[in-house]
Amino acid sequence: SGFYSMNALDLVFWSGAWLLLARWAASPSPRLMVVLGLWLGLGLQNKIGLLVLGAALAVAVLLTPLRRQLLTPAPYLGAALALLIFAPHLIWQATHGWPTLEFMSNARQYKISAMSPPQFMGEVVLEQNPFNLLVWPLGLGWLLLARRARSFRVLGLTVVAGLVILMVQGAKPYYAAGLFPVLLAAG
């Protein structure tokens, strides 16, 4: 980030979440889910873009053996903690007529131009620096395909699901920035 804003802090929250998720994928621990819930709750107070990570992670967990963890209370405790921390923001939004939803609607209507998936990914490549194309596709391939990375497959699937969610939403390409720290690390 070139200047201080919520976007700069957003990358810190995404990166911390990826670290916690990698540790959890390597060794599922109820404690890590609670810490992740705390971290995501704080991150949601900064910017609601982390909801994309939560939705993408839910899809990815369902596609991997980690779905067995959904039979334990840990993921739900983590989600409840995140919601508890995020609740003041939601209450404020509700009592003030949901201004963020209005802002997002106006942005879609007047500010964000529609892009096809190839256009979106082209812009993402530019946002992430084209030279990083030497690294992050290798990271994604390793997370999804490498036998040694089997326990981390959930991370690669989370990235793919996150990109799909953002494309379907018609989001700005820079919203995908939080998906890339894990790919750069894996690459």
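A: We can start with what follows a helix. This is a predicted model, and in it helix α4 is followed by Gly97, whose phi is positive, near 80°.

Q: What should the 22 residues of helix α4 span at 1.5 Å a residue?
A: Helix α4 covers residues 74-95 and should span 32 Å; the C-alpha atoms at its ends are 31 Å apart, which agrees.

Q: Where in α4 does a kink lie?
A: The kink, of about 45°, lies at Phe86, shortly before the proline Pro88.

Q: Which residues of α4 are buried, and what do they pack against?
A: The general idea comes from the helical repeat: an α-helix has 3.6 residues a turn, so residues three or four places apart point the same way. In α4, the buried residues are Ala74, Pro75, Gly78, Ala82, Ile85, Phe86 and Gln93. The buried residues of α4 pack against α2 (30-46) and α5 (99-111).

Q: Is Thr64 buried or exposed?
A: Buried means under 20% relative accessible area. Thr64 has a relative accessible area of 5%, so Thr64 is buried. Thr64 is found in the loop between α3 (50-62) and α4. Leaving aside residues up to four places away in sequence, Thr64 touches Val154 and Leu157.

Q: How does Leu9 count at 31% relative accessibility?
A: Leu9, which lies in helix α1 (residues 6-26), counts as partly exposed because its relative accessibility is 31%.

Q: Which residues make the nonpolar surface patch?
A: Tyr4, Leu9 and Val12 make this patch, which has an area of about 330 Å².

Definitions and conventions. Residues are numbered from 1 along each chain as its sequence is written. This is a predicted model: local features need pLDDT of at least 70, side-chain atom pairs count only at pLDDT 80 or more; totals for chains, interfaces and linings use all residues. Side-chain values use heavy atoms; hydrogens and water are left out. Helices (H or I, at least four residues) and strands (E, at least two) are DSSP runs, numbered from the N terminus. The expected span of a helix is 1.5 Å times one less than its number of residues. The bend at a residue is the angle between axes fitted to the seven residues ending there and the seven starting there. Buried means under 20% relative accessible area, exposed over 50%, partly exposed in between (1.4 Å probe, protein chains only). Contact means heavy atoms within 4.5 Å. Patches are made of residues with over 30% relative accessible area and no salt bridge: like charges are joined within 9 Å, nonpolar side chains (Val, Leu, Ile, Met, Phe, Trp, Tyr) within 5 Å. Accessible areas come from the Shrake-Rupley method with a 1.4 Å probe; for residues, only the protein chains shown count as cover. A salt bridge is a side-chain nitrogen of Lys or Arg within 4 Å of a carboxyl oxygen of Asp or Glu.
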